[in-house]
Amino acid sequence: MNFIKKYGLHVIIGSLAGVVNGLLGAGGGIIITYYLSHILNDKEKGENGVFANAVATMLPISAVSISLYVLKGYIKIDSNLLSLFPSAVIGGILGAFLLTKLKLKTVKIIFALLVTISGFLMIFK
């Protein structure tokens with residue numbers, strides 16, 4: 001794949017992930033994870049490198065989305081929201097640790113179950 005074609009595809013996929021994340025508040029990571037799983041070499045990035053790279057990609061996308069949500073008044077920064085941050089940070093640290101310990105197949109199963117259950121809950125609840 002030549003340079004322009006390869007990075008053109010990166011721009012398209014990145015834009016799509018950003019739009020989905022901005023529109024739904026989630027889902028961009030699924031697109032990024034799926035895309036990276038097809039372009040990254042496991043030997044080059046490590047067994048769970050796809051998931052780690054997806055998180056690294058989604059951080060700036062989420063930061064931009066959050067900023068716009070705050071500016072539009074969709075997010076009320078209060079004690080309820082702020083109380084979630086410490087446990088979310090601890091959970092993120094634990095998740096990053098587990099990513100280095102779990103087999104890729106296990107991580108894929110957890111990811112697939114989370115996406116499937118979330119989809120069903122959104123439709124039927």
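What follows is a chat about the fold, confidence, helix packing and pockets of a predicted model.

Me: How many helices and strands are there in the chain?
Reply: This is a predicted model, and its chain holds six helices and zero strands, so that, read along the sequence, the pattern is α-α-α-α-α-α. The C-alpha trace spans about 45 × 35 × 30 Å along its principal axes.

Me: And where in the chain is confidence lowest, and where highest?
Reply: The lowest confidence falls in helix α3, residues 42-45, with a mean of 53, while the highest is in α6, at 87. Over the chain the average pLDDT is 81, and 91% of the residues score at least 70. Where pLDDT is low, the predicted coordinates should not be read in detail.

Me: Switching to packing, at what angle do α2 and α4 pack?
Reply: The angle between α2 and α4 is about 135°, and their axes lie 9 Å apart. The two helices, α2 and α4, are therefore oblique to each other, and the crossing in which α2 passes α4 is right-handed.

Me: OK, pockets now. What volume does the largest pocket have?
Reply: The volume of the largest pocket is about 1200 Å³. Its lining comprises 36 residues, and those nearest the centre of the pocket are F51, A54, V55, M58 and G92.

Me: Which elements give two or more residues to that lining of the largest pocket?
Reply: Those elements are α2 (28-39), α4 (49-72), α5 (79-101) and α6 (104-124), and it is α4 that supplies the largest share, with 12 residues.

Me: How much space lies in the second largest pocket?
Reply: The second largest pocket holds about 300 Å³ of space. The residues that line this second largest pocket are V20, L24, A26, G27, I30, F111, L114, V115, S118, G119 and M122, and the elements giving two or more residues to its lining are α1 (3-24) and α6.

Me: Which element gives the most to the lining of the second largest pocket?
Reply: That is α6, which gives six residues to the lining of the second largest pocket; α6 is also the element where confidence is highest, at 87.

Me: And what about the classes in the lining of the second largest pocket?
Reply: By class, eight residues in the lining of the second largest pocket are nonpolar and three are polar, with no charged residues.

Note on methods
Residues numbered from 1 in each chain as written. Predicted model: local features only at pLDDT ≥ 70, side-chain atom pairs only at ≥ 80, totals over all residues. Heavy atoms only, no water. 1 Å grid on protein atoms, 1.4 Å probe; cavity = no way out; pocket = protein on both sides within 12 Å on 5 of 7 lines; lining within 4 Å. Points joined across faces, edges and corners; volume = space filled by probe spheres on them. Helix = DSSP H or I, 4+ residues; strand = E, 2+ residues; numbered from the N terminus. Nonpolar A, V, L, I, M, F, W, Y, C, P; charged D, E, K, R; others polar. pLDDT = per-residue confidence, 0-100. Axes fitted to C-alpha atoms, helices over the stretch in contact; angles between N-to-C directions. Parallel < 35°, antiparallel > 145°, perpendicular 65-115°, else oblique. Left-handed = near helix turned anticlockwise from the far one by under 90°.
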